[in-house]
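Welcome! Please have a look at the structure below, and then we can walk through some of its features together.

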Amino acid sequence: MNLKRKNPALYYLQRTGFYLLVAIITIYLMVPFLWAVLTSFRKSGDLFLQPLQFVTAPSTLGNYRDVFANENFINGLGYSLLVAVGAVAISLLFGSFAAYALGRFRFRGKSMIMYIILAVSVFPQIAVLGGLFTLIRNFDMYNNPLALVFSYLIFTIPFTVWVLTSFVRDIPGELEEAALVDGASPLRTLFSVLFPVMMPALVTTGLLAFINAWNEYLFALTFMGTRRTVPVVIANYSGATQFDQPWGQIMAASIVVTVPLIILVLVFQRNIVSGLTAGAVKG
Amino acid sequence: MTTDATPKLAAPIRRRGIEAARAQQALWLLLPTLIAIALVAGYPLYRTIFFSLFDANLTTPDERTFLGIGNFWFTTAEGVQLGFLQDPKWWEAVKNTMLFTVVSVFLETVFGMIIALVVNTAFPGRAFLRTAMLVPWAIPTVVSAQMWGYMYNDSFGLIGRGLLGGQALLANTDSAIWALIAVDVWKTTSFMALLILAGLQSLPTDMYEAADMDGATKWTQFWRMTLPLLRPALLVALVFRSLDALRVFDVMYVMLGPVNAGSTSMTGYARLQLIDNSLLGVGSAVSVAIFVIIMVIVVMYVTAFRVKFD
């Protein structure tokens, strides 16, 4: 305000500079994604065009039609959904029990358990890859989606326990004390008193764990032969011939997989930011 | 059941009884999680460590011979070096992973800080930018790898053909690592910006008003107030990002393929040995090495920041 009166030239220079920066940041963040969206609507023959002509070339839904006619992709969506939902459901159930114990109870060895959970949450997945692979083979679970549900617990459980514990700590204690005085068992207290209060936290944590499971690549690539999840399908998307990289279709498949995530993230953006900071900063 | 005896006991003893009961209940609540962690992390990790000491093939893990540290370091009588620590490809992977980690985490911190500071100022369109920030973060890593792979393509790509006039950026190992860093920076700067933004929003505003009164420039305010106050949040974000970067796999594997990923990331090298070459012993040994590297860094972090749990 002061500067506007004192030195209008400098003020407007600063404003312009600031908006230029905003524009650069927006372009940087959005262009790769928008270019992928654009490509998904272009015919394969038009990919050779110069950028300006490419932008104005006629649109087509052909790539999307091809993607939805691709059996591998459709099956991949199914397997990804099954695996992610399974892992998240188990993690939320186990995780809320554990978070209740860690956030509300005092007992010996608690910090030890917290350290173990933190250690597992920074676990490099590669450290268990060989061990898990031989186990999955032994139990005849190779190419079985249950193997992925099971192995994804390695990152979904520590994450849910960690974030939910920090939420449980913030819930005022009076709520369950009343239930305890009335003689309700801990499980009952958890389900009928704490769960309703924890609902937003459960949704946020579940969503973040779902995104992680949906995007996982290393285990999905290693433990599945033919029943590929969506990231593996997209990474190996091939066209009619071996030498043809169907970029239009790859981008269309990528958009199909990403847009639901982006919508979820935008709808829950406030919760997600609080979930991320609870998971990371309080660590 | 002993519960019917408790009402007669004196108060302190009864309280101790309640605490013991609570401790037992806590254990039951924790049991499913502890069993799950033991099954998916503990036991497989033990097996990985176990196999790292054997010469074993992935398809026939039961026909194994004990090697001790042979998978790590072993020279035959003829002078053939078989340990993975003697493999130049491993060291190339280590070098590339370290370069990748240091450069991308540094750039993410700087860009994340700039974006967070911009989003933290009031201006029309701020809500939009805040939303746009979440887009790269929400995109699956494999998808962003394919998107950038397409942009780097020398005959179709916006960057490969448009900016560089038909250079195959990914075909050359020296330029590939920088191309991969660019992908990671684009993908995860948002995460860094989000964490820094959360830190910025918890800073007291009256302090800045006082600094404005005293005539401190925005530049001084940033270096003398914002940065020191932001230090804890910043350090945590830095460590989380570095650990992620050290375990990087998807980007390299999708953009370079198994063999080149093997000399670009430590995880890629481990998987190449373990799965593509079916060398269960060597692959497990590499996995153990990566595990140790990461755990050492975590322990350093926990002690340096004195993380405590009650």
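At roughly what angle do the axes of H8(B) and helix H11 of chain B cross? They cross at roughly 175° and come within 11 Å. This is a predicted model, in which local features need pLDDT of at least 70, side-chain atom pairs count only at pLDDT 80 or more, and totals for chains, interfaces and linings use all residues. Residues are numbered from 1 along each chain as its sequence is written, chains are lettered from A in the order in which they are written, and side-chain values use heavy atoms, leaving out hydrogens and water.

**Two helices of chain B**

- The crossing angle makes H8(B) roughly antiparallel to H11(B) (angles over 145 degrees count as such, taken from 0 to 180 degrees between N-to-C directions of lines fitted to C-alpha atoms).
- H8(B) brings Val236(B), Val239(B), Phe240(B), Leu243(B) and Leu246(B) to the contact, with contact meaning heavy atoms within 4.5 Å.
- From H11(B) come Ile294(B), Ile297(B), Val298(B) and Tyr301(B).
- By class, this contact has 9 nonpolar, no polar and no charged residues (Asp, Glu, Lys and Arg count as charged; Ala, Val, Leu, Ile, Met, Phe, Trp, Tyr, Cys and Pro as nonpolar; the others, Gly among them, as polar).

- The structure holds 3 cavities of 30 Å³ or more (a cavity is a set of points on a 1 Å grid where a 1.4 Å probe fits but cannot get out; lining residues have an atom within 4 Å of a point).
- The largest cavity has a volume of about 1,400 Å³, a volume being the space filled by probe spheres set on the points.
- Of its 41 lining residues, Gln125(A), Asn212(A), Arg241(B), Asp244(B) and Arg247(B) are the closest to its centre.
- The lining of the largest cavity divides into 26 nonpolar, 8 polar and 7 charged residues.

**Open space**

- The largest pocket holds about 1,900 Å³ of space (a pocket is an open set with protein on both sides within 12 Å along at least five of seven lines).
- Among its 39 lining residues, Phe18(A), Leu117(B), Thr121(B), Lys218(B) and Gln221(B) lie nearest the centre.
- The lining of the largest pocket has 22 nonpolar, 10 polar and 7 charged residues.

**Spans in chain A**

- UniProt, in an unreviewed entry, places the feature "transmembrane region" at several stretches of chain A, including residues 77-101 and 189-214.
- Residues 77-101 of chain A are 100% helix, and their end C-alpha atoms lie 36 Å apart (helices are DSSP runs of H or I, at least four residues).
- Residues 189-214 of chain A are also 100% helix, with end C-alpha atoms 32 Å apart.

Note on methods
UniProt positions are given in the numbering used here, feature names are shortened, and annotations may be inferred rather than shown by experiment. Angles under 35 degrees count as roughly parallel, over 145 as roughly antiparallel, 65 to 115 as roughly perpendicular and the rest as oblique.
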